[in-house]
Amino acid sequence: MLEFNNITFKYSSDDYNMMEGLSFKVKDGEFISIIGASGCGKSTVFRLINGLEKPQQGKVLVDGAEISIKKNYSAYMPQKDLLYPWRTIEKNICLPMEIQRKSKAEMAQTVEEMLKEVGLWEYRNKYPKDLSGGMKQRASFARTLLTGSEMLLLDEPFSALDSLTKISLQEWLVGEWQKYKKTILFVTHDVEEALFLSKKIFIIKDRPVTYFEEYEVPLSYPRSREDMKRSDIADMKEMLINQLRQKVEL
Ligand SMILES: Nc1ncnc2c1ncn2[C@@H]1O[C@H](COP(=O)(O)OP(=O)(O)O)[C@@H](O)[C@H]1O
Ligand SMILES: [Mg+2]
C-alpha cells in the first residue's frame, strides 16, 4: 500500500541529504516499527509520507498512486498528545468527524463506541489536564483512528509514559491493530517495544539514509511478555541493540 521509490530528500536549511535513493515497501495491514538513533530521520520519513515535506527526487506512492492526488490516506500521532486543553475528551475525539462534517447523530454514536473501546467513557466530560498520560494517549489514538485513514503513523507515542503504563498500552495497541486492521508504522528507539509490537522492524543505520535494514520478528499474534524471553527473540534484541550502538559511535 505504501512505497518509497528512490527518494532523495534534503531540508532546505541543511547542506547535507537526509535520504538518498531510499526505497521500501509496506504492505496493507502490516505493523512495522522503525528504529534508529535520535536525529537519524525517523520523523522525517513520516513528514514525507503525509506530504508535509516533498522529496527532491523520487516518489511516495500509496496504492500505486502519487500522494499528491490522494487524500486522508494517513493519520499522524506524535509523542506528545495534541489534545486541545479547552475541549472535553469527547469533543477532542469528535474533532476529525467535525472536520468531515458528519451528522450529529452519527458523531454521537461513533464517539460513544470509541470512548468505550478505549476505556474512556466515564471520562468523556473531563478535560485533558484531568487525565493520566496513558489515558491521554488512548484518547489521542482514538482521535487518530476516527480520521478514517488506513495508515497510522505513530511517532514514539509511548516514550513519555512510565514503564508499566507503556507495557499495558503496548498490549492494548496490538489488540486495537488486530481489531481495526489498519497499517501501522511505529517509530520508537525502544528495541523491546519494536520486538513486542511489530511484524517487521526497519533499522535506520546511517545518514544519509539509503536503505532500511529489514528484520522479520519470528512471533505470531497474540504475543505475550513471555515470548520476549525466548532465546531467538533475546538474541535478536541484542543484535538490534548492537546495530544501534554502532550507529551512535560513528
Ligand atoms: N523542519 C526541519 N527543518 C530543517 N531540519 C530539520 C527539520 N526537522 C528535522 N530536521 C533535521 O533533520 C534531522 C532528522 O530529524 P528527525 O527526522 O526529526 O529525526 P528523528 O525523528 O529520527 O529523531 C535532525 O538532525 C534535524 O536537525
Ligand atoms: Mg522524531
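Which element gives the most to the lining of the largest pocket? I looked this up in a predicted model, in which local features need pLDDT of at least 70, side-chain atom pairs count only at pLDDT 80 or more, and totals for chains, interfaces and linings use all residues. I kept to residue numbers that run from 1 along each chain as its sequence is written, to ligands numbered from 1 in the order in which they are written, and to heavy atoms for side-chain values, with hydrogens and water left out.

**Largest pocket.** I found that strand 6 gives the most, with four residues, strands being DSSP runs of E with at least two residues and helices runs of H or I with at least four, numbered from the N terminus. A pocket here is an open set of points on a 1 Å grid over the protein atoms alone, where a 1.4 Å probe fits, with protein on both sides within 12 Å along at least five of seven lines, and lining residues have an atom within 4 Å of a point. The volume, which is the space filled by probe spheres set on the points, comes to about 390 Å³. Of the 17 lining residues, Ala75, Tyr76, Pro96, Arg143 and Thr147 are the closest to the centre.

**Second largest pocket.** I noted about 180 Å³ of space here, with Leu48, Lys54 and Tyr73 among the lining residues; strand 4 (residues 57-62) gives the most, with three residues.

**Ligand 1.** I looked up polar contacts, pairs of N or O atoms within 3.5 Å: an oxygen atom of ligand 1 lies 2.8 Å from a polar backbone atom of Lys42, and a nitrogen atom of ligand 1 is 3.3 Å from a side-chain N or O atom of Tyr11.

Terms used. Polar contact = N/O pair within 3.5 Å; in protein donor to acceptor, adjacent residues only side chain to side chain.
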